[in-house]
Amino acid sequence: MSGKQKVQEREKTIAPPVGVEMLRVPAVVRPAAYPIETLVPEARQQTPAVGQRASRVDGRLHGLGQTRYIDDLAFPGMLHARIKRAGIAAARIVRIDTHGAEAMPGVMAVLTGAEIPVNSFGPSLQDQPVLAHERVFHAGDGVAAVAAVTEQIAVEALEKIVVEYEPLPAVFDPLEALKEDSPKVHPPHGNVYTTKVIAKGDVEAALAASHRVFEGRFRTQMVEHVSLEPHAAIADWDANGRVTIWSTLGRITLARGDVARTLKLAMNRIRMVGTIVGGNFGGKNEITQEPVLALLSRKTGRPVKGVYTRGEEFTSTTTRHPIIMDYKTGVTREGKILARKVRLVLDGGAYCSWSETTLGKAAILSPGPYNIENLRVEAYVVYTNKTMTGAMRGFGAPQVCFAYESHMDDIAAALKIDPLEIRLLNAFGEGSVSPTGQVLQSVVVKESLLQAAERFGWREGRP
Amino acid sequence: MTHVALRVNGEMREATVPPETTLLQLLRVHLNLTGTKLGCDVGDCGACTVIVDGMAVNACLMLAGQADGREVVTIEGLATRDRLHPLQKAFEDHAALQCGFCGPGAILAAKVLLDENPDPSVAEIRDALAGNLCRCTGYTKMIDAVREAARELREQGGKGAA
């Protein structure tokens, strides 16, 4: 039975309205246009979604241009906010003069870090200021915000804000930042803010007993999510002291907690509305400008919208961690891995954000899907005066995958072993134990490799 | 202030706007046609693609004043109340609209292609969509959708239907 037939069958079972019922306005107005037929799964049946081509329920509105993303919403009297960025990687803020901006016609309010009730947030360490106050930690830090009647006036007003900086020594290279005498990003704390060590067996003895030992260093770069829709939010602080925030966030409950903390406001006074998100990829997992917009709304008594520019997306939102990955692997003559040492240095940028999660996942996955009896992984995240790194698809897994698979290829080439064979020799099987001691089930690494090799003609294709 | 009079989706529209207003702002803010999206504001991403006198244009790079007297088609102008445009139908059927933010721009870029070339090759479709960046759906499904829509439009044309 097709989806359309199912809908028709169901409609037949609905009794026609009689008497006074006919006068009632239906609870759900019948669509006048763009009817969408969706499959209605029957009770206690296997979900019909399996094995079917399903289309998105919101796909039609996307294609019609009828989907309302944040920037498509507007409220009466709404103001537009813009944030002034520091443009300097490390500095002490000597003075912020906002008089010029406040005097501009059309500027309704200006906000600085000093006015934020609790000026710090973050999902694990609360080390990120909402607006930098006293000290700038990276060039993308916001130092002041403006709410004006038009976006154009807000942009012009930012130019009128004068900030005097006293430059401080900065550190940009994560290996430099590891050193004891390097400039501290968040003094008095050291630059290493989280570490993880995984140890198994006797690595040194196994390396000494190996036929050959291979070493390699692999690095990845910083990656921005570049979701097509920029970070955007609207805040409306009402006369009862409650604030409603519409935001393109994937985690509104977490955001509600962060907003409550920064505004020093009870959670039940905050309403977070997650709207349709125009791309996330981990980049919209935590608050950015929401407390700023809320406070500007409180100051002005009007709804305030903020939309990041594409430039701000790159400088002032989270990115993927660049990782410097050092591998040392001892193997037998046949290519069997006897021992592996891994050191990961994650460039955390100026703030922790989701670094702890990323560090954990990168460390656990860094040896690769291979049986290794003797293992030592040391992983560090360090602060640098750069754009902060956070959640992005895979949380560190893609970086280490690039490293361990490149390392495997190097070993295979040096030992003159087929790259597929060296993987089949070492790969996890049913009941293999992960680096952290988890006994693995439903393991099909070898089967997948063999099927893939067969499908794309690995053996025939070899020169 | 600049006075602009232009035809949008077949209807005459007029507005008096500040001279720095882009066509994108005119459509989104002044005419409330929010289907056209702002992605980068510098002409890189194509989310703001609209059709001006039959050509695909980045609305963020064109001033409202430059559109004076021209014919503009936005995503809102494609479907009728009871029928989707074949491109919209094909994009939906092929799941070529995931987050959907790039969708309106991509659909309009594809429409310009199909208006000129009813039977484009995959290379020609890729070329036509080169200015429309997508981060989640991916281009494969869009290309399939454009091919399907082209087939559909050719069949309709063959039957003499509009």
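Which residues of H8(A) are buried? They are Glu290(A), Pro291(A), Val292(A), Leu293(A), Ala294(A), Leu295(A), Leu296(A), Ser297(A) and Arg298(A), where buried means that 20 or more other C-beta atoms, placed from the backbone, lie within 10 Å of the residue's own. Helix H8 of chain A (residues 290-300) is thus mostly covered, with 9 of its 11 residues buried, and just after H8(A) the residue Gly301(A) takes a positive phi of about 70°.

This is a predicted model, in which local features need pLDDT of at least 70 and side-chain atom pairs count only at pLDDT 80 or more, while totals for chains, interfaces and linings use all residues. Residues are numbered from 1 along each chain as its sequence is written, and chains are lettered from A in the order in which they are written.

Helices (H or I, at least four residues) and strands (E, at least two) are DSSP runs numbered from the N terminus, and two strands pair if DSSP finds at least two bridges between them. In chain A, 5 strands form an open sheet of mixed pairing, in the order E7-E17-E16-E15-E8. Strands E7 and E8 of chain A stand at the edges with a single partner strand each, so one side of each is left without a neighbour in the sheet.

| Strand of chain A | Residues |
|---|---|
| E7(A) | residues 192-200 |
| E8(A) | residues 212-219 |
| E16(A) | residues 337-347 |
| E17(A) | residues 374-382 |

E16(A) and E17(A) pair in the parallel sense over 9 bridges, and the bridge partner of Leu346(A) in E17(A) is Val381(A).

Note on methods
Buried ≥ 20, exposed ≤ 12 C-beta atoms within 10 Å, placed from the backbone.
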